[in-house]
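Please open the structure in a viewer and keep the selection panel at hand.

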Amino acid sequence: MTLSRRDFLRLSGLVAAGAAASACAPAYKQLGVSRPIGGWTFPSGDSFRALNRITFGPNAAERSRLQSLNVKDWIEEQLAFESINDFACDVRLRKFDTLKMRANELSARGDKIFNHYDKALVVDELRQATLVRQVYSARQLYEVMTEFWNDHFNISVEKGDCWFLKTVDDREVIRKHAMGKFHDLVSASAHSPAMMIYLDNQANRKGAPNENYARELMELHTLGVNGGYSQRDVMELARCLTGWTVKEHWWKGDFTFDEKIHDTGTKTVLGLTLTNEGQREAERVIEVLATHPNTARFIATKLARRFFADAPPQELIEKAAQVFLKTDGDIRSVLRVILL
């Protein structure tokens, strides 16, 4: 089980309740808290809502920072996450050697006979690093969005080679594009070996198409379950995706396009006709999906639910969706509408 920052702080509060504050001082130092949790004073109204929803549980430094600014400026600061000094968190991450490794390097750790420890280590380091970031990072909105997109583009480390491919996916897909353009995020996910393996697209070939990824790409990643596509669109997109697979030998775990198993016939997806364009066929469909009005509405709704309310006002969803379309799916711009 992965503890969130809020759960971690809550657990520390329970410990503090049963012991003298002086005895708990080392624990508070580890948590970056300057005084016992029982003595905290929380801001009210918009300030409290911002801290509660944009962080994994506000700490003393974040409360102080928000009070020195105002809600709007603090949100803008969190949106510009690259400018936030996160040295204290980065130092804690240095011990996780696997986070920066390529797929073939990570796979080698689990290829040795009976070397189960190294395989478990790769998965555990990703989980531990996630927790460290949620607890200690000053870039809290960025970490919340990283969790949001990891849920949206769900991949289980329990399936096949995903145990090492997910580390690369987390770094090169989710974390790289979490606050960028939605098209870049969807495209990176579509080329992610972890996603290919998780949804069986490496088994998608001409004459025997596998629809798993094509369906999820439309239903859960872009248009939404009621997004206006048909079963025919799913089948045709699956044909476009034939040949999208993962290297098994040299540079194991990298994405590759195998032209020999690609269906070269004519396909029509959402009114777009494609004929023998190889890898470019699916990429053209992804461009349509990532900029579709139904995708804009689907993503705006999910973000509004995450940050605003379980049943967000339709007016807010439409406003956020329009910003999505006007800014070519700029995630920060959509967040700004919802958060402010």
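The stops below concern a pocket, aromatic rings, cysteines and a serine in a predicted model.

Select L93, L99, K100, R133 and R175. Among the 20 residues that line the second largest pocket, these five are the closest to its centre. The space in this pocket amounts to about 410 Å³.

Next, colour the helices α6 (87-93), α8 (116-136), α9 (140-152) and α10 (162-177). Each of them contributes at least two residues to the lining of the second largest pocket. Which helix supplies the largest share of the lining? Helix α10 does, with 5 residues.

**Second stop: a stacked pair**

Now turn to the aromatic rings. A pair of such rings is described by the distance of the centres and the angle of the planes. The structure holds 7 aromatic pairs. Select F81 and Y142 to display one of them: the two rings are stacked, with 4.2 Å from centre to centre and 5° between the planes. This pair links distant parts of the chain, for F81 belongs to the loop between α5 (71-79) and α6, Y142 belongs to helix α9, and 61 residues separate them. Are these two residues buried or exposed? Both F81 and Y142 are buried.

Select F148, W149, F153, F182 and F324, which together form one aromatic cluster. Then move to R306 and F307. Here R306 lies over the face of F307, and the distance to the ring centre is 5.0 Å.

**Fourth stop: cysteines**

A disulfide is a covalent bond between the sulfur atoms of two cysteines. How many disulfides does the structure hold? The number is 0. Select C89, which counts as buried because its relative accessibility is 1%. Select C240 as well; C240 is buried, since its relative accessible area is 0%.

**Last stop: a serine in a helix**

Select S107, which is found in helix α7 (residues 103-111). Why does S107 count as buried? Its relative accessible area is 2%, and the cut-off for buried is under 20%. S107 and K252 are 145 residues apart in sequence, yet their C-alpha atoms are 7.5 Å apart in space.

Methods
Residues numbered from 1 in each chain as written. Predicted model: local features only at pLDDT ≥ 70, side-chain atom pairs only at ≥ 80, totals over all residues. Heavy atoms only, no water. 1 Å grid on protein atoms, 1.4 Å probe; cavity = no way out; pocket = protein on both sides within 12 Å on 5 of 7 lines; lining within 4 Å. Points joined across faces, edges and corners; volume = space filled by probe spheres on them. Helix = DSSP H or I, 4+ residues; strand = E, 2+ residues; numbered from the N terminus. Phe/Tyr/Trp six-rings, centres within 6.5 Å; stacked < 30°, edge-to-face > 60°. Buried < 20%, exposed > 50% of the residue type's maximum accessible area, 1.4 Å probe, protein only. Lys NZ or Arg CZ within 6 Å of the ring centre and 35° of its normal. Disulfide = S-S within 2.5 Å.
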